[in-house]
Amino acid sequence: MEYARPATVEEACSLLALHGEGARVIAGGVALSILLKQRLVEPDILVDIEGIHSLRYISDDANELRIGALCKHREFEKNPLVRDKFPWLSRAAERIGCVQVRNAGTVGGSLCHADPASDLAPPLIAAGAEATLRNSQGERKVLLENFFIDYYQTSLSEDEILTEIRLPRLSARTGVSYEKYAMREGDMATIGAAALVTLDDDKQRCIEAGIVLGAVGPTPIRVKEAEEALRGRAVNESSLRKAAAAAMEASSPLSDSSGSEQYKREMVGVMTRRAVSRALQAAS
Amino acid sequence: MTELKVVGEKLPRVDAREKVMGKAVYVDDVQLPGVLRGKILHSPYPHAGIAWIDTSPAERLPGVRAVITAKDVPDARHGACYLDQPMLAREKVRYVGDYVAAVAADDEETALEACNLIEVEYEELPTLFDPVEAMASEAPLIHEHLAEYGLLQPLARCVENSNIHNHFQLRKGDVEKALGEADIVVENRFSAPMIQNGYLEPFGVVADIDGQGNLTCWVSTQGIRWMQRSLQDLTGIDRNKIRIIVPYVGGGFGGKGDISAAAICTVLAMKAGRPVKIVFTREEIFLSGNNRVPVITHLKDGVKKDGSLLAREVKVIMDSGAYSGMTSMIVTNAGFGGSGPYDIPNVKIDSYGVYTNNVPGSAFRGFGTPEIEWAIESQMDIIAEKLGMDRIAIRLKNIYRNGAISATGEKLQSVGLEETIMKATQAAEFNQPPLPPAGGKGMASAHKYSMAPGAACAYVEVKIDGSLELRQAVVELGQGSNTVLAQMVAEEFKVPLEKITVALNDTATTPFDLMTGSSRATYNMGNAVRLACEDARRQVRERGAEILEADPDDLIVENGMVYVKGVPEKSIPFRKLFVHGGYPLLIGSGIFNQKSKTVDLETGQSERPCAFWMYSTQCAEVEVDEETGQVRVVGFTAAHDVGKAINPDLVVGQIVGGVVQGQGIALMEKVEMENGRILNSNFLDYKMGTVHETPGHIIPIIVEEAHQEGPYGAKGIGEGVLAPTAAALSNAIYDAVGVRIHDLPLTPEKIYFALKKR
């Protein structure tokens, strides 16, 4: 196995174009090193992009938050800008692994690994985040919601890398929350549930809703039926119950050592309710 | 007794600095020139005949220096009790992971690749994964020649033509009659799954053979002499040519020391003519068969209305998997205390060790006791509730006290159980209501034996500069034995702890010790160390007497000086003892041999089946999330009777560490197996408690009910800590939400669905 450490995005993209499917991008290596050790992936060349310092930033302007793909989870979690204006996102980042993992893993690496149990994907999708993908020819933008295709598969082409995540500034009276169920703090999510709720001027009715589940299907799952159950209505016990039921229905968890399918489905309901309730609190 | 100066003091560990600095040496740090890496090929089948093996594709791979199968090694087997395990599978494999062949190559990658090139033709055989099915008389045999195997432990009895390798029975009084006379009879079944010992340092071994055919083996093991003996049996090398060196060991919990792998490493080194190193991956540790044996416990108790236990019938089934390992011994030893720390007039215990085609289970901190105590202490709360009795009161009504006659007929001494109950429940404010809305409190008491018979030996060398070197073979695996034993030497010579060095564990220089296990080091080696110090002090006094022209019995030895009692101003330093008359060597030796009394195989009766008993009571406080079934452990109080704390800080370390470990075991740990194949052989999928799950607070309490034969009254601590933990937690969960789980671990899912049925 060869190893390359390009210093620029251009250099990285041309290496990827040259080696095609034999190349794998590595950043923090938190996820990929496990796959390499278990020999689940055996690339011809590892393209280590951690040396591309231009991809390590967090900035914002009037309309959006911009996160460089090589931002470490820990930086993201601790960033004053994120903590101040997107506290829900900072809290979601806090739930990723342990401090050592968060110091090694990158935001972009986690998303490109496309483990459906990612803690960042559900809240980012719920809040309408967009990914910037680049290759030698140029760049394109894709809604994060459409970025994930299947287990560990994204819409990235062989010669593309993810360079940036852009998160639109949320409208007023909007709350977002991410709830995670795992047997241990620091584990991958057994269930992830993110909710976004925007209330009307009187804070009576929900005018916009986003419900996204993690870890209970091949990709993060946006549950439109659950959103419908909330949108245009007062959020009360009845709409909460409907949203939770829709989320349970939309989920397709697998039995494993973290729990049976049946239990996990029940927990999808519990986590969805909790996420919506907390988003509602934050919006109020 | 004279005033103690070093024993009983909270002194820093003697190995703290080098461990914190990362300078402590472990097996993987041993670097020899030209060393090869060894890898083992594991069986993919749970039970299959081996038709043929073709190693030639592996031998042709560049960088491969040796490939071995069973035909390259003597037809011999090893075991702690039954000699039932070959180092490499011979006619057949008995579990998924069984050792089939091995390779030594220039590097680990090549060795692994070569293993994958070895071709093996298997013929699948009928499999057994359920120990109850395996006990049935018509079950296929996993070891056809069980009755012919060599037996190292006289207390084990197999059932011929079956998969039962040990059936221990204990009979006291008349259980049938007493059950008929009881006001209530309570019957329940509990189980504890296979778990992994989960130590940090993976098992490792380096084997090197010199020009004279002498083997030197650096190995991470808890059983040095057992390892040496087994290597002789398996490889044919004379024992006097086998030198075992054990540097620091990074945790063991009863599961450190893979004998087959050490023998394989040795044979690879013989064949390759170069030193070989094997270091397991985490996955290989799970496969190596040093996991905790799973245990099923049936209890049937007859109780009077006033809460007194009239009769207890116990049936224990231990699934040892493909080989008996230490399980045969666990069956017997855990059987001695299998009715719990209670004075019950009628007791009947039957415990069984059973072969299956599961990955082998063996010893783990507690050696069967925590798994049985988990059942007994759950049962005690069930009984208390049925009788409407207080949970503390029912225990106080029945517990062992000094002078009680145990289930085996032993007159008990040093029973600090009542004090642990009183102190733990008081510190835990057990009678105060728990936190609303779903808080709960639980308690459990336990006892744990330490094995006998067994010898421990020590040398104490007095050095010319007044310092002392202790040579002994208890393995320092994190428990703090080097510190505790050094404190004893310092105490005996009345010198500061800094004057003591503890030698590297090496069969060439350190004398016999049975093993590092059964919480036996402080008591057994402590006694040996005191005897060695007494012997050395005698020699110091005799030499001093010549110089001082006094009676040796009138001399005082302290602070590296000798003087006539009452005349300290005329003291002489140790240096003079060596210079005067030319005696350049001064070594004291001590042999402590803890004997046991014969055990009647029909009744399990013995007046002294073990060395001593440790007693404990723990109280847990939990909060249950009723929507998810998740348990948060708010606090833990753990009171342990250790006889005498040689170093209270280290005892506290054992208690706190044990509570944290025990909590993870109770709430989440389980080796998941499907048709004999382990599904979670890594620390991502195998869940152990982490710092996040540590209880909000832990209150450790040391109780010191001195043991007449213990050094300074000391007994032990290591394994006792785990004994009550699972039941204390389960009882707290019941107190919180009225849900009783019978099968460990106490996962959120089990609690959630039990809550739905409530």
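The side chain of B:Ser320 makes a polar contact, at 2.9 Å, with the side chain of B:His165. Keep in mind as you look around that this is a predicted model.

Where does B:Ser320 sit in chain B? Strand β17, which spans residues 309-321 of chain B, holds this serine. Is B:Ser320 buried or exposed? Its relative accessible area is 0%, and because buried means under 20%, B:Ser320 counts as buried. Setting aside neighbours within four places in sequence, the residues in contact with B:Ser320 are B:His165, B:Val293, B:Thr327, B:Val354, B:Tyr355, B:Pro360 and B:Gly361.

Stepping back, chain B is divided into three parts: domain 1 (16-24 + 454-594), domain 2 (32-126 + 200-251 + 256-287) and domain 3 (291-452 + 598-757). The centres of domains 1 and 3 of chain B, taken over C-alpha atoms, are 37 Å apart. Here are two interfaces to set side by side.

| Interface | Residues in contact | Buried area | Share on carbon and sulfur |
|---|---|---|---|
| Chain B with chain A | 25 residues of chain B, 20 residues of chain A | about 1,900 Å² | 51% |
| Domain 1 with domain 3, chain B | 20 residues of domain 1, 25 residues of domain 3 | about 1,700 Å² | 59% |

Let's take the domain boundary. On the domain 1 side, B:Ser518, B:Ser519 and B:Tyr523 lose the most area to domain 3 of chain B, together 36% of what that side buries. Helices α13 (481-493) and α14 (521-548) of chain B each give two or more residues to the domain 1 side; α13(B) gives the most, with six. By class, that side has five nonpolar, 11 polar and four charged residues.

Now for the partner chain. How many salt bridges does the rule find across the interface of chain B and chain A? There are six. B:Glu627 forms a salt bridge with A:Arg274, with the closest N and O atoms 2.8 Å apart. Between chain B and chain A, 12 residue pairs are in polar contact, both residues at pLDDT 80 or more. On the chain B side, α3 (108-117) and α18 (748-757) each supply at least two residues, and α18(B) gives the most, with five. The side of chain B that touches chain A comprises nine nonpolar, six polar and 10 charged residues.

Technical notes: Residues numbered from 1 in each chain as written. Chains lettered and ligands numbered in written order. Predicted model: local features only at pLDDT ≥ 70, side-chain atom pairs only at ≥ 80, totals over all residues. Heavy atoms only, no water. Contact = heavy atoms within 4.5 Å. Buried area = accessible area lost by both parts, 1.4 Å probe. Salt bridge = Lys/Arg side-chain N within 4 Å of Asp/Glu carboxyl O. Polar contact = N/O pair within 3.5 Å; in protein donor to acceptor, adjacent residues only side chain to side chain. Helix = DSSP H or I, 4+ residues; strand = E, 2+ residues; numbered from the N terminus. Nonpolar A, V, L, I, M, F, W, Y, C, P; charged D, E, K, R; others polar. Buried < 20%, exposed > 50% of the residue type's maximum accessible area, 1.4 Å probe, protein only. Domains from an automatic or database assignment.
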